[in-house]
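Biologist: I would like to go through a model feature by feature. Please give the general idea where there is one, and then the case at hand.

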Amino acid sequence: MKKSLLLAILPVLALGVFAASEKKLSERDLVLANMPKIEAPKKKHQILCFSKPYGFRHGSIEIGETMLKVMGEKTGLFEVTVSEDLANFEPGNIKKFDAICFNNNTHIQKGFKDEALRESLISYVKNGGGVFAIHSATDGGWPEYVDMIGGNFNGHPWGAGGTWDIANEDPKHPIVKGVHEGKGFKLKDELYQYKDFDRSKQRVLMALDMKSEVNGKKKGNRKDNDYALAWVKEYGKGRVFVSAFGHNKEVFYNPEILKMWVEGFRYILGETEVETASISKPDSKK
Ligand SMILES: [Zn+2]
């Protein structure tokens, strides 16, 4: 290559490398900038982040992993092991973790084909393990998994390109009281309707506001019109937090959603005690 040509393309090469690294850094930086600070945790917990989808693969899986790493580093709450290896769920291995984050898996039953592996996960949670389920981690599962999660994907009338009205149904609850100061808010994300959902088995924190005009333009298929989007529940001695939010990448650096997620982790890790008794559906608030 002629020296003059090399000199001419060097700045272009350098710019390309810079642009690529800047793009990669910027998502992490956005998560970092918007991650809330919390009081020092009692201990540093160990988390497994399991992101493998067996159906549709969400484009937000990677930023979900980034979000967990940043949350662990900034809050000191946990160290995260990111892995797609099902061997982590074997009885001798799963006990190394204080909680599992199911990060946008789909149709997880197709991975957990082995009955013993299913039993290992369920008994781990029943014996005190934590579960944090993001978005399509609620899409699929075998009966005990669905029972543990508390709902199963049944379509998403409210699509990823829309901006929807969310009701904070439990504005004094520690996990969501800080989210938009406990008030309702708008969020651009893909929102699910659930089957195998029983409000009496969990404490719903957030739901679609069905008095909202924009939400009401889409028809859900539940007779009770109850479209829960975030909840906590006890499962045996274990603790479960579920967030239907998490399709769009932007959700992973939304400061208000991060406030809820940090508190969700504090609960499932036993750093905080919160009410988990079911509450009936309040009137939707705007
Ligand atoms: Zn989705």
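Modeller: This is a predicted model.

Biologist: How are the donor residues of the zinc ion spaced in sequence?

Modeller: The spacing is H-x76-H-x54-E-x56-H. Glu-190 sits in the loop between strand S7 (185–188) and strand S8 (194–195), and His-247 in the loop between strand S11 (238–243) and helix H7 (255–268), so this pair ties together parts that are 57 residues apart in sequence.

Biologist: Which atoms are the protein donors of the zinc ion?

Modeller: They are NE2 of His-58, NE2 of His-135, OE of Glu-190 and ND1 of His-247, lying 2.1 Å from the ion. Of these residues, Glu-190 is buried, with a relative accessible area of 7%. His-247 also counts as buried, at 17% relative accessibility.

Biologist: How should I read the angles at the site?

Modeller: Ideal angles at a metal are 109.5 degrees for four tetrahedral donors. In this model the angles among the 4 donor atoms of the zinc ion run from 90 to 160°, and the site is irregular. The tetrahedral class requires all angles to lie between 85 and 135 degrees.

Biologist: Next, the aromatic residues. How many aromatic pairs does a search of the whole structure find?

Modeller: The search finds 18 aromatic pairs. A pair of aromatic rings is described by the distance of the centres and the angle of the planes. For Phe-50 and Phe-89 the ring centres are 5.0 Å apart and the planes are at 90°, so the pair is edge-to-face. Phe-50 belongs to strand S1 (residues 45–50), while Phe-89 is in the loop between strand S2 (78–83) and helix H3 (91–94), so the two tie together parts that are 39 residues apart in sequence.

Biologist: Are Phe-50 and Phe-89 buried or exposed?

Modeller: Both are buried. A second pair, Phe-153 and Tyr-192, has ring centres 4.5 Å apart and planes at 70°, so it is edge-to-face as well. Phe-153 lies in strand S5 (residues 152–153) and Tyr-192 in the loop between S7 and S8, so this pair ties together parts that are 39 residues apart in sequence. Phe-153 counts as partly exposed at 22% relative accessibility, whereas Tyr-192 counts as buried at 1%.

Biologist: Which residues form one aromatic cluster with Phe-50?

Modeller: The cluster consists of Phe-50, Phe-89, Phe-102, Phe-112, Trp-142 and Tyr-145. Phe-50 is also touched by Asn-105, whose contacts include Ser-51, Lys-52, Pro-53, Ser-136 and Ala-137. Asn-105 is in the loop between strand S3 (99–103) and helix H4 (115–126) and is buried, with a relative accessible area of 1%. Its side chain reaches the backbone oxygen of Lys-52 at 3.1 Å.

Biologist: What span should the 12 residues of H4 have?

Modeller: At 1.5 Å a residue they should span 16 Å, and the end C-alpha atoms are 16 Å apart, which agrees. Just after H4 comes Gly-128, with a positive phi of about 120°.

Biologist: What do the buried residues of H4 pack against?

Modeller: They pack against H3, S3, strand S4 (130–134), helix H5 (143–149), strand S10 (228–235) and S11. Leu-117, Leu-121 and Tyr-124 are among the buried residues of H4.

Biologist: What does the span look like for helix H2?

Modeller: The 15 residues of H2 (residues 61–75) should span 21 Å at 1.5 Å a residue, and the end C-alpha atoms are 21 Å apart, which agrees. Its buried residues include Ile-61, Met-67, Leu-68 and Thr-75. Gly-76 follows H2 and has a positive phi, near 75°.

Note on methods. Residues are numbered from 1 along each chain as its sequence is written. This is a predicted model: local features need pLDDT of at least 70, side-chain atom pairs count only at pLDDT 80 or more; totals for chains, interfaces and linings use all residues. Side-chain values use heavy atoms; hydrogens and water are left out. Donors are N, O and S atoms within 2.8 Å of the metal (3.2 Å for Na, K and Ca); water is not among the atoms, so sites may look incomplete. Four donors count as tetrahedral if all angles lie between 85 and 135 degrees; four count as square planar and six as octahedral if opposite donors are over 155 degrees apart and all others between 65 and 115; anything else is irregular. Helices (H or I, at least four residues) and strands (E, at least two) are DSSP runs, numbered from the N terminus. Buried means under 20% relative accessible area, exposed over 50%, partly exposed in between (1.4 Å probe, protein chains only). Rings of Phe, Tyr and Trp (its six-membered ring) pair if their centres lie within 6.5 Å; planes under 30 degrees apart count as stacked, over 60 as edge-to-face and the rest as tilted. A polar contact is a pair of N or O atoms within 3.5 Å; within protein, one must be able to donate a hydrogen and the other to accept it, and residues adjacent in sequence count only if both atoms are side-chain atoms. Contact means heavy atoms within 4.5 Å. The expected span of a helix is 1.5 Å times one less than its number of residues. Lists of a residue's contacts leave out its neighbours within four places in sequence.
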